Amino acid sequence: MLVSMLLVANFTFANSSSSAQTPSYATTQTADDDTKEQVKNEESEATEANEQSESVENTEKQAEVQEPSYTGSVMVSNPEPKDLSTLAKISKEEAANVVMSSYPSANIKSIKLENENGFLVYGVILDNGQEVKVDAGTAKILHVEDADSESENIQEEMENE
């Protein structure tokens, strides 16, 4: 009988010792899970903040509608590609020919691809003070305006110095 009691006591002690370790392990495991969850939440919050910031930037860019407002046939993606010429369907020469056929008495000072209101156009500046916007997809003249005299004045001032 004494042996039985000792066996029961040892069994009880062994079980209570192992169960005492289990909560300790569970506590450590829970703490690790909490840390992982906290890191995951912080990463999630950072990602969300970045997405909101990008959304605000995109909204601001969309809100910057250039005047006059017109549309073209070739849309420019956001963010804008570094080389706009990869999007153009017509060449500079074709744009120049269209402008020269409409303004035969003028000479072309410069031609450059531009993103206007999210559309690809050639900005053709003439020596008569006009800037002609040509659709880079259809070669259609979209708009004619007075060339920016302010930038020309700045360039002249720099040359005089």
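In this predicted model, a salt bridge joins the side chains of Lys133 and Glu114, with N to O at 2.5 Å. The two residues belong to distant parts of the chain: Lys133 lies in strand β3 and Glu114 in strand β1, 19 residues apart.

The structure holds 3 salt bridges. Lys133 also meets the side chain of Glu116 in a salt bridge. This pair again links distant parts of the chain, with Lys133 in strand β3 and Glu116 in strand β1, 17 residues apart. A further salt bridge runs from Lys133 to Glu131.

| Salt bridge | N to O distance |
|---|---|
| Lys133 and Glu114 | 2.5 Å |
| Lys133 and Glu116 | 3.0 Å |
| Lys133 and Glu131 | 2.9 Å |

Side chains of opposite charge can pair when their charged atoms come close.

Lys133 has 3% relative accessibility, so Lys133 counts as buried. Glu114, at 12%, counts as buried, and Glu116 counts as buried at 13%. Glu131 is buried, as is Lys133.

The strands themselves form an open sheet of 4 strands in the order β1-β2-β3-β4, with antiparallel pairing. Strands β1 (108-116) and β4 (141-146) stand at the edges; each has a single partner strand, so one side of each is left without a neighbour in the sheet. From one strand to the next, the twist averages 20°.

Strand β2 (residues 119-126) and strand β3 (residues 130-135) run antiparallel and are joined by 5 bridges. Glu131 of β3 is the bridge partner of Ile125, and the side chain of Glu131 is also in the salt bridge with Lys133.

How values were computed: Residues are numbered from 1 along each chain as its sequence is written. This is a predicted model: local features need pLDDT of at least 70, side-chain atom pairs count only at pLDDT 80 or more; totals for chains, interfaces and linings use all residues. Side-chain values use heavy atoms; hydrogens and water are left out. Two strands pair if DSSP finds at least two bridges between them. Axes are lines fitted to C-alpha atoms, for helices over the stretch in contact, and angles run from 0 to 180 degrees between N-to-C directions. A salt bridge is a side-chain nitrogen of Lys or Arg within 4 Å of a carboxyl oxygen of Asp or Glu. Buried means under 20% relative accessible area, exposed over 50%, partly exposed in between (1.4 Å probe, protein chains only).
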